[in-house]
There are 2 protein chains.
Amino acid sequence: MHSESYFRELIEEGLSKLDLPREPSRLYDPIRYMIGLGGKRLRPSLLLMSNELFDSDPIELLAPALGIEVFHNFTLLHDDIMDKAPLRRSRETVHKKWNPDIAILAGDTMFVLSCQLMMRVKPEYLRDVMNTFLKTSVEVCEGQQYDMDFENENEVTIPAYLNMIGLKTAALIGCSAYIGALSAGAGRENAGHLYNFGKNLGIAFQLHDDILDAFGDAAKFGKQVGGDILSNKKTILHLAAMENAGSKEKAELNKWLQAADADPASKVEKVIGIYESLHVHESATAIKDQYFEQAMKELADVKAPASNKEMLYKLTERLMVREK
Amino acid sequence: MHSESYFRELIEEGLSKLDLPREPSRLYDPIRYMIGLGGKRLRPSLLLMSNELFDSDPIELLAPALGIEVFHNFTLLHDDIMDKAPLRRSRETVHKKWNPDIAILAGDTMFVLSCQLMMRVKPEYLRDVMNTFLKTSVEVCEGQQYDMDFENENEVTIPAYLNMIGLKTAALIGCSAYIGALSAGAGRENAGHLYNFGKNLGIAFQLHDDILDAFGDAAKFGKQVGGDILSNKKTILHLAAMENAGSKEKAELNKWLQAADADPASKVEKVIGIYESLHVHESATAIKDQYFEQAMKELADVKAPASNKEMLYKLTERLMVREK
């Protein structure tokens with residue numbers, strides 16, 4: 001079994017060797033730039049690991065793995081336009097460095113490229129793989145729409161939020177694991193368990209990320225503490241707080257949500273103070289743990305040599321205990 | 001053989017019955033709206049006709065035909081954002097009626113839907129059909145990028161322009177004819193002739209459209225005369241004029257191209273006057289005729305019953321002599 005860093009290098013190398021045309025340069029330069037921004041390459045690594053889990057040679061699945069990563073980067077590119085994000089991995093976003101029109105078209109093209117890469121699976125798995133990939137792509141779009149809808153909704157529920165992150169973030173992680181397993185000839189039942197493993201892990205991962213924003217070790221996390229609080233995101237912490245809050249605390253949370261001119265440091269401090277008084281850390285962690293445990297159960301149910309599962313357990317552990 | 005109007009109705013009905021989800025409504029309402037704006041439904045009609053040409057039952061290809069139309073509408077939706085177009089078929093564009101973020105995401109989702117519909121071909125043609133469709137999708141994006149590039153370029157050549165419209169407009173028309181023929185079991189040679197027929201026809205069609213803008217019968221055409229002149233588009237007329245022009249006329253054409261505050265009616269009149277003095281109508285028509293004749297030659301080379309080709313000749317005639 002190969003390590004995560006082995007797969008990550010394989011993917012970086014594969015991405016750098018993607019045979020993209022030079023012209024029109026204002027289409028392909030932004031695509032190369034976006035793909036070159038780096039990242040954890042979690043989804044393609046998981047795809048390849050889920051393949052190797054069944055003693056298949058994952059190198060044959062490199063193209064579809066790159067497809068998953070190009071697709072993920074396409075969604076980030078378009079999300080950045082919608083979020084008006086100036087930076088991605090500490091560098092200018094495509095719509096800032098070029099312009100929004102260029103970013104729209106580069107994203108569209110990346111989606112096509114991702115389909116072309118995904119098509120390079122064995123013929124016997126082509127239809128199933130493509131159907132799963134396309135179904136997931138629709139889900140990612142739906143999740144993004146719900147996420148945008150939530151910005152203007154006052155009564156977002158925790159189940160609605162979990163559904164949203166399930167679509168926007170976790171479905172593609174599940175899809176990656178599914179495609180890797182299916183293409184190893186693991187059968188639909190095993191592939192289904194891996195899908196559920198990935199999807200539950202993806203939800204737990206997003207909840208973990210939400211929690212770290214307020215309760216992580218900022219230095220290790222490498223991010224501003226309370227970034228989500230400052231951008232008024234309705235994360236699991238905010239939603240759990242609203243659920244646990246009495247009318248007085250609700251009013252106060254809503255006041256901070258609308259306080260555009262508040263001093264950032266005091267806003268973060270005050271909101272985290274409210275979270276602490278409402279035991280939000282514990283509530284959110286309890287939900288996260290449910291998804292995490294379900295992910296572990298699904299992985300346990302996969303019929304594959306226990307020793308082969310080790311790398312997936314390691315990946316999981318690294319994702320979930322990171323930077324705490 | 002069925003008529004174009006038969007296919008058009010079939011497609012309208014198929015589009016209205018697409019089983020799109022209701023939620024999230026701010027994702028699917030714009031998609032339904034965009035698809036419901038109507039249009040000639042040229043591409044899916046051509047796909048179905050190219051299928052029936054070989055005595056195949058085109059009803060089996062309805063889903064891929066709808067896929068071509070949904071894809072075409074996705075490109076129009078994103079193009080409208082980039083062009084900042086307020087209207088599409090006399091109704092508000094999606095980015096105006098909702099907002100650009102909604103329009104980006106609705107377009108992304110329509111592209112996925114088009115792939116899902118396209119996947120519904122017979123297994124033996126799946127890979128070839130999808131490869132052709134995805135290759136064409138990349139070409140459409142490249143064509144759109146060249147089109148945007150040309151807005152800021154002073155020295156666009158006629159070959160570069162023909163390449164651009166070949167990618168942006170004609171490739172999808174060729175692709176439609178190809179998929180229809182291939183899925184009828186017509187073989188790659190016949191399907192190749194139909195691709196070339198569609199692509200050459202598509203270029204001729206776009207050139208015809210360019211010519212009608214200045215030299216069409218406005219009343220029948222249902223459009224403002226000189227719309228391209230007023231929006232400073234580098235159409236075949238402008239490019240042929242620049243090629244035929246001496247330095248005096250070049251300077252005058254460039255002056256009008258940069259005249260933002262000119263009275264619209266005089267601008268159109270003056271520019272058409274220059275076009276006439278430079279015999280631009282004749283130059284552009286000669287180029288158009290070359291592509292049209294090549295299209296006819298390709299159709300003649302298709303091995304299919306002559307009587308079956310009649311509907312395609314009728315479609316071609318209607319496209320090329322329309323509103324003159």
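Student: As what does D301(A) count at 31% relative accessibility?
Tutor: This is a predicted model: local features need pLDDT of at least 70, side-chain atom pairs pLDDT 80 or more, while totals for chains, interfaces and linings use all residues. Residues are numbered from 1 along each chain as its sequence is written, chains are lettered from A and ligands numbered from 1 in the order written, and side-chain values use heavy atoms, without hydrogens and water. Buried means under 20% relative accessible area, exposed over 50%, with the middle class in between (1.4 Å probe, protein chains only). At 31%, D301(A) is therefore partly exposed.

Student: What separates D301(A) and K297(A) in helix α15?
Tutor: Their side chains meet in a salt bridge, 3.3 Å from N to O. A salt bridge needs a Lys or Arg side-chain nitrogen within 4 Å of an Asp or Glu carboxyl oxygen. Both residues lie in helix α15 (residues 280-301) of chain A, 4 residues apart, so the separation is about one helical turn.

Student: How many residues apart are R318(A) and E4(A)?
Tutor: R318(A) forms a salt bridge with E4(A), closest N and O atoms 2.8 Å apart. R318(A) sits in helix α16 (residues 306-321) and E4(A) in helix α1 (residues 4-16), both of chain A. Helices are DSSP runs (H or I, at least four residues), numbered from the N terminus. The pair links distant parts of the chain, and the spacing in residues is 314.

Student: As what does D80(A) count at 3% relative accessibility?
Tutor: The side chains of D80(A) and R88(A) meet in a salt bridge, 2.8 Å from N to O. At 3%, D80(A) counts as buried.

Terms used. Helix = DSSP H or I, 4+ residues; strand = E, 2+ residues; numbered from the N terminus.
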